[in-house]
Amino acid sequence: GAAAPEGRSVPRQFLRRQQVLQLYRRILRAVREVPAAADRRCLADWAREEFRRNKDATEEDAIRMMITRGNMQLQELQRTLKLAKS
């Protein structure tokens, strides 16, 4: 489609960035709960690498999909941690 007017694209990018950073922090926070140090390190490295690899993505649909996938992976990690504690 046509490019969005300048005034509209900046806030969306800003909000998207906030969303991505929030997801990143939530993933790292969850990783800190992992009992085994080696697993913690491995998961943290994986998350960092995944976000770094996609940091230049600009395609809105692709970014939305990555955020959705990241949230699903976070929920899966949180479920696994909850099961491990019970």
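**Entry 1**

I looked up Arg64 first. Its relative accessibility is 39%, so Arg64 counts as partly exposed. The cut-offs I used are these: buried is under 20% relative accessible area, exposed is over 50%, and partly exposed lies in between, with a 1.4 Å probe and protein chains only. This is a predicted model, in which local features need pLDDT of at least 70 and side-chain atom pairs count only at pLDDT 80 or more, while totals for chains, interfaces and linings use all residues. Residues are numbered from 1 along each chain as its sequence is written, and side-chain values use heavy atoms, with hydrogens and water left out.

Which residue does Arg64 meet in a salt bridge? I found Glu60, at 3.8 Å from N to O. A salt bridge here is a side-chain nitrogen of Lys or Arg within 4 Å of a carboxyl oxygen of Asp or Glu. Glu60 is partly exposed, because its relative accessible area is 23%. Arg64 and Glu60 are 4 residues apart in helix α3 (residues 60–85), so about one helical turn separates them. I then looked for further links. Arg16, Glu60, Asp61 and Arg64 are joined in a network of salt bridges.

**Entry 1: the chain as a whole**

I counted elements next. The chain has 3 helices and 0 strands. Their order from the N terminus is α-α-α. Helices (H or I, at least four residues) and strands (E, at least two) are DSSP runs, numbered from the N terminus. I also looked up burial. The chain has 86 residues, and 19% of them count as buried.

The structure holds 9 salt bridges. I picked two in α2.

Arg48 pairs with Asp45, with 2.9 Å between the closest N and O atoms. Both lie in helix α2 (residues 37–53), 3 residues apart, about one turn of the helix. Arg48 is partly exposed because its relative accessibility is 32%. Asp45 is partly exposed too, at 41%.

Glu50 pairs with Arg53, and here the closest N and O atoms are 2.8 Å apart. These two also sit in helix α2, 3 residues apart, about one turn. Are Glu50 and Arg53 exposed or partly exposed? Glu50 has 21% relative accessibility, so it counts as partly exposed. Arg53 has a relative accessible area of 54%, so Arg53 is exposed.

**Entry 2: a positive patch**

Where does positive charge gather on the surface? I found a patch made of Arg25, Arg26, Arg29 and Arg32. Patch residues have over 30% relative accessible area and no salt bridge; like charges are joined within 9 Å, and nonpolar side chains (Val, Leu, Ile, Met, Phe, Trp, Tyr) within 5 Å. Lys and Arg count as positive and Asp and Glu as negative, with His and the chain ends not counted.

I checked two members. Arg26 is in helix α1 (residues 6–31). Arg26 is partly exposed, because its relative accessible area is 34%. Arg32 lies in the loop between α1 and α2. At 59% relative accessibility, Arg32 counts as exposed. I also noted a distance from Arg32 to Ala44. They are 12 residues apart along the chain, and their C-alpha atoms are separated by 8.5 Å.

**Entry 3: the nonpolar core**

I turned to the largest nonpolar core, which has 14 residues. Such a core is a set of buried Ala, Val, Leu, Ile, Met, Phe, Trp, Tyr and Cys residues joined through side-chain atoms within 4.5 Å. Which of its residues touch the most other members? They are Leu23, Ile27, Leu28, Val31, Leu74 and Leu77. Helices α1, α2 and α3 each supply at least two residues of this core. Helix α1 gives the most, with 6 residues.

Last, I looked up Cys42. Cys42 is found in helix α2. Its relative accessibility is 51%, so Cys42 counts as exposed.

Technical notes
Accessible areas come from the Shrake-Rupley method with a 1.4 Å probe; for residues, only the protein chains shown count as cover. The place of a charge is taken as NZ of Lys, CZ of Arg, CG of Asp or CD of Glu.
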